[in-house]
Amino acid sequence: MTKNETAAYIKQFLIAHRGFHDNQADCPENSMQSFRNAVERGYGIELDVHFSKDKQLVVIHDGELNRICGVDKKVRDLTYEQLRQYPLFDSRERIPLLQNVLDVVNGQVPFVIEIKVDDPKQRGPLCEAVDTMLRSYHGAYCIESFDPGVVNWYRKHHPQVIRGQLSCDMGKGSNLFDRIRRKALTNMWANLYTRPDFIAYQYLGIKKTCNQFWRKRLHCMMAAWTLCDQQAFDQAKPDFDLFIFEGFDPKW
């Protein structure tokens with residue numbers, strides 16, 4: 001498919017945030033079972049990718065294991081085999097490899113893949129590893145990140161891939177430098193250079209002037225995250241093109 005055809009295809013799907021999951025059951029977030037659940041229900045899948053210590057592409061949201069596995073360790077400090085020792089939310093599920101997820105989904109539904117950069121020095125190698133794996137994948141996908149450097153990497157190295165800038169209100173910051181940095185990320189100033197194909201913004205922030213500005217300036221899609229009930233989904237419909245949800249079965 002062309003880039004435009006891929007975008008049109010992805011827009012036909014509602015996107016299950018970290019798979020169709022329940023952290024109190026045996027289908028926790030970013031688990032193989034949560035991805036199977038999404039496929040069975042016909043939902044697209046949003047997931048998160050980190051590097052492990054041994055440079056494996058592992059699917060997990062947080063850079064630390066405290067919340068998800070109850071262990072005070074960092075993903076980047078452990079090999080994949082070490083990460084596999086820890087259950088996800090006391091379930092039978094373990095942290096999967098991106099390749100495992102691709103093999104199971106096998107093009108049945110599209111992916112929204114968030115690239116998580118834990119170490120800026122690894123940004124390039126991480127993007128290259130993800131890109132190399134996905135070039136042999138025959139299903140539809142797009143890439144997103146909070147890190148403008150990831151969006152820019154795809155602009156330069158693989159512009160045929162749909163790339164998205166994630167953002168939200170980053171707060172005010174604790175000092176002048178931090179305030180400027182947070183303001184730049186909140187308002188996505190790097191978009192002037194990185195030229196994302198879509199913006200994924202926390203849906204409550206859509207009325208911010210910056211969102212309206214970028215939508216007109218870039219003529220890009222807008223994705224809402226994360227919609228947690230039907231009311232939020234209904235409220236988001238007029239302002240977004242793509243909908244990322246969790247915790248319920250949305251009705252069009």
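This is a predicted model: local features need pLDDT of at least 70, side-chain atom pairs count only at pLDDT 80 or more; totals for chains, interfaces and linings use all residues.
1. Strand 7 (residues 198–202) pairs with strand 8 in the parallel sense, and five bridges link the two. Strand 8 itself spans residues 221–227 and is mostly covered, with seven of its seven residues buried.

2. What does strand 8 join through three bridges? The partner is strand 9 (residues 242–245), and these two strands run parallel. To find the spot by eye, look for Leu-227, whose bridge partner in strand 9 is Phe-245.

3. Next, the helices. Helix 2 (residues 32–41) and helix 5 (residues 98–105) have axes that come within 10 Å and cross at roughly 25°. Angles under 35 degrees count as roughly parallel, and helix 2 and helix 5 are therefore roughly parallel to each other. Helix 2 passes helix 5 in a right-handed crossing.

4. Which residues make this contact? Helix 2 contributes Met-32, Phe-35, Arg-36 and Val-39, while helix 5 brings Asn-100, Val-101, Val-104 and Val-105.

5. Finally, have a look at Thr-6, which sits in helix 1 (residues 3–10). Is Thr-6 buried or exposed? Buried means under 20% relative accessible area, and Thr-6, at 11%, is therefore buried. Leaving aside residues up to four places away in sequence, Thr-6 touches Met-1, Ala-140, Tyr-141 and Ile-162.

Key:
Residues are numbered from 1 along each chain as its sequence is written. Side-chain values use heavy atoms; hydrogens and water are left out. Axes are lines fitted to C-alpha atoms, for helices over the stretch in contact, and angles run from 0 to 180 degrees between N-to-C directions. Helices (H or I, at least four residues) and strands (E, at least two) are DSSP runs, numbered from the N terminus. Angles under 35 degrees count as roughly parallel, over 145 as roughly antiparallel, 65 to 115 as roughly perpendicular and the rest as oblique. A crossing is left-handed if the near helix is turned anticlockwise from the far one by less than a right angle, and right-handed if clockwise. Contact means heavy atoms within 4.5 Å. Buried means under 20% relative accessible area, exposed over 50%, partly exposed in between (1.4 Å probe, protein chains only). Two strands pair if DSSP finds at least two bridges between them.
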